[in-house]
Amino acid sequence: MKKSLLLLSLGLFAVAQTINAADVTGTITLKGTPPAEREITPIKDDPNCAALYPGALPTTHFYAVGSGGELADVVVSLKDASGQEITGKSTGASAPAVELDQKGCLYSPQILAIQTGQKLIVKNSDPCVHNVHTKPTENPESNQVQMPGGADLTFTFAKPEPFLKFQCDVHPWMFAWVSVFDSPYFAVSGKDGKFTIKNVPPGKYTLEAVHRKLGTQTAVIEVKDDGAAQNFTFDVK
């Protein structure tokens, strides 16, 4: 009987934690004028890729900024109150797969985030061959050829790692960066600069916002029943 009551109490506690879980929201903005993006001129040297751009060539997208300073592609994640990584909470094995496409001889999106154990599906929507070459520091390296119209490639990563690099050795201007977390408590800011980290248990945390070019900012927050809100502003000197 005592064991049954204990299991019931633990179950009720878990349910209560889920019920009380709330969202962490915010907006990322950029103050100042970012460096001008550069035209990706090497595309002209590859006939297959050049044929996809009869007009203007694409540019780099290191700073994805809206007209009001809304800053996209900022990876926002929760750490514990002391600023340490949250680990061992991954739900990646049961989470929906995330897609990374190769289209127009570019990776899309260039910045994304997944959990450990979560499937990352890499597609080739181009009429030319690519190779998908991962350049990790914590996870095993991989280098696979992907033909036009070929089968999707599936990747999973066992260890957390910030900005794990994907590149195409056939087209050396093609890059993407995948941040891998050992919990579901992260988000990437959208074109409107907004982010939402869903279903966060109540408590005190360190919220970290990282832009690959502009660096890192942190804020201490407390998540209550109605969630928490925190904005960040990055400066360009």
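Mentor: Start with the lining of the second largest cavity, which by class has four nonpolar, two polar and one charged residues. Ala, Val, Leu, Ile, Met, Phe, Trp, Tyr, Cys and Pro count as nonpolar, Asp, Glu, Lys and Arg as charged, and the others, Gly among them, as polar. This is a predicted model, in which local features need pLDDT of at least 70 and side-chain atom pairs count only at pLDDT 80 or more, while totals for chains, interfaces and linings use all residues. Residues are numbered from 1 along each chain as its sequence is written, and side-chain values use heavy atoms, with hydrogens and water left out.

Trainee: Which residues line the second largest cavity?

Mentor: Rolling a probe the size of a water molecule over the atoms shows where empty space is left. A cavity is a set of points on a 1 Å grid over the protein atoms alone where a 1.4 Å probe fits but cannot get out, and lining residues have an atom within 4 Å of a point. Here the lining consists of Ser77, Leu78, Glu85, Ile86, Phe181, Ser183 and Tyr185. The second largest cavity holds about 40 Å³ of space, a volume being the space filled by probe spheres set on the points, which are joined across faces, edges and corners.

Trainee: How much space lies in the largest cavity?

Mentor: About 90 Å³. Among the residues lining the largest cavity are His61, Asp73, Trp177 and Arg212.

Trainee: Which cysteines does a disulfide join?

Mentor: A disulfide is a covalent bond between the sulfur atoms of two cysteines. The rule used is a pair of cysteine sulfur atoms within 2.5 Å. Cys49 and Cys105 are joined, S to S 2.0 Å. Cys49 lies in helix α2 (residues 47–50) and Cys105 in the loop between β3 (98–102) and β4 (107–108), so the pair ties together parts that are 56 residues apart in sequence. Helices (H or I, at least four residues) and strands (E, at least two) are DSSP runs, numbered from the N terminus.

Trainee: Is Phe155 buried or exposed?

Mentor: Buried means under 20% relative accessible area, exposed over 50%, and partly exposed in between (1.4 Å probe, protein chains only). Phe155 is buried, at 5%. Phe155 belongs to strand β9 (residues 153–155). Leaving out residues up to four places away in sequence, Phe155 has contacts (heavy atoms within 4.5 Å) that include Leu120, Val122 and Phe166.

Conventions. On a 1 Å grid over the protein atoms alone, a cavity is a set of points where a 1.4 Å probe fits but cannot get out, and a pocket is an open set with protein on both sides within 12 Å along at least five of seven lines; lining residues have an atom within 4 Å of a point.
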